[in-house]
Amino acid sequence: MAWWEGFDEIRLLIAADTAETGNDVGQLLSLRHPKSGNSMCCLLVNGVLQELNWFKQSYTSWFLGDYVAEDGGLYTATPVDPVFILLPIFEEARMKKEDDPGKFRLVDEIIFVEGYPGYQKLLSIAENFMQVVCEIKEIGSSKFFRLDDSKVLAWMYHKVCQLKQTLSTLDNNYAAREEKDRLIDAVSILGEYLDEPWLKLLSDRLRIDLTEATRKMSDIEILPTATECNGSQEKSKSDNKTTRAGRQAKKPKVETESHNIREMFTRASSRRKK
């Protein structure tokens, strides 16, 4: 059954065209948000994982040809690097204790998350993406993975470099800013997906103040993440755009730019070799 079947009403979704990479109809997956731990809805199509965001203003509808979609909500599917989504799962699985780096585990064991069967659908891409942040031991035909802090740090640093370059394309004057300010901006955006221990490790590496980056995090205006995969979202999110701190957004243009930034930086830096 195609992912869009089973909806009681028509919904409007803006997503990247992945037809060139295959003819998979796609699957809607209920996963855990890597930052909050709350449920989030993602779309997996042709090996590309996309985060669903949702926005709706009061008293809106969509006119789609001769059909009127009473629910005026707008869904957007943004490609996201699976490492962001899987990082907390791999962190829990290694069971690290003080000086003990933890255990090596099979990928299919690691991504078994009680209450979230959607992670099993990521088995086909998890091994390929997570090798960039894990140590790997091969025993016979089996591969065992363990998260490696130094590799995670290198991956995060690469994301910061990508973000700095992306931000410069969005604002011609951005390149003229102090290097420290650009680093803080990049880390604050990464903070939408990373827990504080990882941000602390990254901030120490970059020699910037994590407190300042955290303060900027609360001012980033974002589209709410879709929490349900059945087309029904919480009404409390339907009327206003919100910031990380929960304040009502006042500048739609800034919200749009923030979403564009996130869309550009969460794309996988390069297609991993299979």
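Which side chains meet in a salt bridge with N to O at 2.7 Å, one of them being R94? I looked up R94 and found its side chain meeting that of D149, at 2.7 Å from N to O. I take a salt bridge as a side-chain nitrogen of Lys or Arg within 4 Å of a carboxyl oxygen of Asp or Glu.

**Ground rules.** I note that this is a predicted model, where local features need pLDDT of at least 70 and side-chain atom pairs count only at pLDDT 80 or more, while totals for chains, interfaces and linings use all residues. Residues are numbered from 1 along each chain as its sequence is written, and side-chain values use heavy atoms, with hydrogens and water left out.

**Entry 1, salt bridges around D149.** I counted 12 salt bridges in the structure. Helices here are DSSP runs of H or I with at least four residues, strands are runs of E with at least two, and both are numbered from the N terminus.

I then checked K96, which also forms a salt bridge with D149, the closest N and O atoms being 2.7 Å apart. This pair too links distant parts of the chain: K96 sits in the loop between α1 and β8 (105-106), 53 residues from D149 in helix α4. I found E91, R94, K96 and D149 linked in a network of salt bridges.

K96 is partly exposed, at 36% relative accessibility. The cut-offs are under 20% for buried and over 50% for exposed, with partly exposed in between (1.4 Å probe, protein chains only).

I looked up another salt bridge, in which the side chains of R105 and E109 meet at 3.4 Å, N to O. R105 is partly exposed at 22%, and E109 is partly exposed at 39%.

I looked at how helix α1 (residues 82-94) packs with helix α3 (residues 123-130): the angle is about 90° and the axes are 10 Å apart. The two helices are therefore roughly perpendicular, a label for angles of 65 to 115 degrees. Axes are lines fitted to C-alpha atoms over the stretch in contact, and angles run from 0 to 180 degrees between N-to-C directions.

Conventions:
Angles under 35 degrees count as roughly parallel, over 145 as roughly antiparallel, 65 to 115 as roughly perpendicular and the rest as oblique.
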